[in-house]
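Biologist: I have a model open and would like to go through it with you. Can we take it piece by piece?
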Amino acid sequence: MAEDKASVRGRIIREMIAHFSNDNVIGRKWRNGELRDKLKEPAWKCPQFFLMQTIQMKHFQMELLTSKLSPKEDRVILQLHGGGYIGRMRNAYRSFAGLYSEVGKGMSVLSVDYRVAPEDPYPAALEDAVAAYEWLLSCGFAPDQIVVAGDSAGGGLAMALCHYLKDHDKAMPAGLIAMSPWTDMTAGGSSYTDNFTCDPLFGNTMDSLVYNRDYAGEHDVTDPYLSPLFGDFAGFPPMLIQVGSLEMLLSDSVSVAAKAKEQGVKVRLHVYEGMFHVFQMAMMLMPESKQAWQEIGKFLEII
């Protein structure tokens, strides 16, 4: 048996997630996304050192978080949340926005509450991501002042956005940050079987978000706008990809990183040992998530 290199806190949080996910009622509904539109959250209270502005677009909303203390007005992060393309933005991503701003030393963060399936299947999410990117350009940001960040489905959507920009001869952003990106809807990577029994969130069942096709519908899932892995990465901006070693989606990150590097893209791939899907949600509560956010800050400094 391989040595467990996760921190003590990391192991505790991982075991809590596994215990919750294995619950036959709540856990199953959480894994397959059934609860995502039913969970009610309290109104999010914006921290005192930030300002939050809601922006109403034609089909969706966005939230622009800016720093009151030391705003960096010449850089912005476009955040695309996860949720398997069926879950809308939650308070956790508003907290993500605050952390992105902090590690980005005052960068503003535009979080996109894009349309989701099954009500709005492909290409709704991609259309909204493109609209958000173009909105930033209309506000005066140059492409090289924009960093696109996303986790899980949002990480795949960030790459799909860049495939779209490339296909339409539009300028790329300065960089991409992808946490546990979902890049292969065919579930064809080796980790889908190798990590099937050890993934604490999605493992031991075929009834989970990683097999959900509500967004893709009848569309070809090898389309790079759905599965970025199958696209051409030449000309992509620098990418930071973070993923846990226990994830069923591990291959999605490893394969994209290898392909992008072969095609001349600067890629930083960091596989965090013993970690689970989007472990960065632990924020500053465990060493691995803290290190991941510090790594993001360093990436933002060099691009």
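Biologist: Let's start with Asp-169: buried or exposed?
Modeller: This is a predicted model, and in it Asp-169 is exposed, because its relative accessible area is 75%, over the 50% cut-off.

Biologist: Where is Asp-169 found?
Modeller: Asp-169 is in the loop between helix 5 and strand 6, the latter being residues 175–179. Its backbone has a positive phi of about 55°, although Asp-169 is not a glycine. Most residues other than glycine have a negative phi.

Biologist: And Ser-152, what is its phi?
Modeller: The phi of Ser-152 is near 55°, again a positive value in a residue other than glycine. Ser-152 sits in the loop between strand 5 (146–151) and helix 5.

Biologist: Is that one buried or exposed, Ser-152?
Modeller: Ser-152 is buried, since its relative accessible area is 10% and the cut-off for buried is under 20%.

Biologist: Stepping back, how many helices and strands does the protein have?
Modeller: There are 8 helices and 8 strands. The radius of gyration is 18 Å, close to the 19 Å from the globule rule for 303 residues, so the protein is as compact as a globular protein of that length. Its C-alpha trace spans about 50 × 45 × 35 Å along the principal axes.

Biologist: What share of the residues is buried?
Modeller: Buried residues are 57% of the 303. Of the contacts with a separation of 6 or more, 76% are between residues 24 or more positions apart.

Biologist: On to the inside. Which residues have the most contacts inside the largest nonpolar core?
Modeller: Leu-78, Tyr-85, Met-159, Tyr-215, Phe-236 and Met-239, in a core of 62 residues. Helix 5 (residues 153–167) gives the largest share of this core, 8 residues. A second, separate core has 24 residues, among them Leu-99, Val-103, Val-109 and Ile-177. In soluble globular proteins, nonpolar side chains tend to be buried together.

Biologist: What does Tyr-85 touch, leaving out residues up to four places away in sequence?
Modeller: Its partners include Tyr-114, Val-116, Ala-117, Ala-125, Trp-182 and Tyr-215. Ala-117 is also a partner in the cis bond to Pro-118.

Biologist: Last one, Leu-249. Where is it placed?
Modeller: Leu-249 is in the loop between strand 7 (239–244) and helix 7 (250–262). Leu-249 counts as buried because its relative accessibility is 1%. Leaving out residues up to four places away in sequence, its contacts include Pro-181, Trp-182, Tyr-192, Val-243 and His-277. Trp-182 is also touched by Tyr-85.

Biologist: How far apart are Leu-249 and Ile-17?
Modeller: They are 232 residues apart in sequence and 17 Å apart in space, taken C-alpha to C-alpha.

Technical notes
Residues numbered from 1 in each chain as written. Predicted model: local features only at pLDDT ≥ 70, side-chain atom pairs only at ≥ 80, totals over all residues. Heavy atoms only, no water. Helix = DSSP H or I, 4+ residues; strand = E, 2+ residues; numbered from the N terminus. Rg over C-alpha atoms; globule rule 2.2 N^0.38 Å. Buried < 20%, exposed > 50% of the residue type's maximum accessible area, 1.4 Å probe, protein only. Contact = heavy atoms within 4.5 Å. Core = buried A, V, L, I, M, F, W, Y, C linked by side-chain atoms within 4.5 Å.
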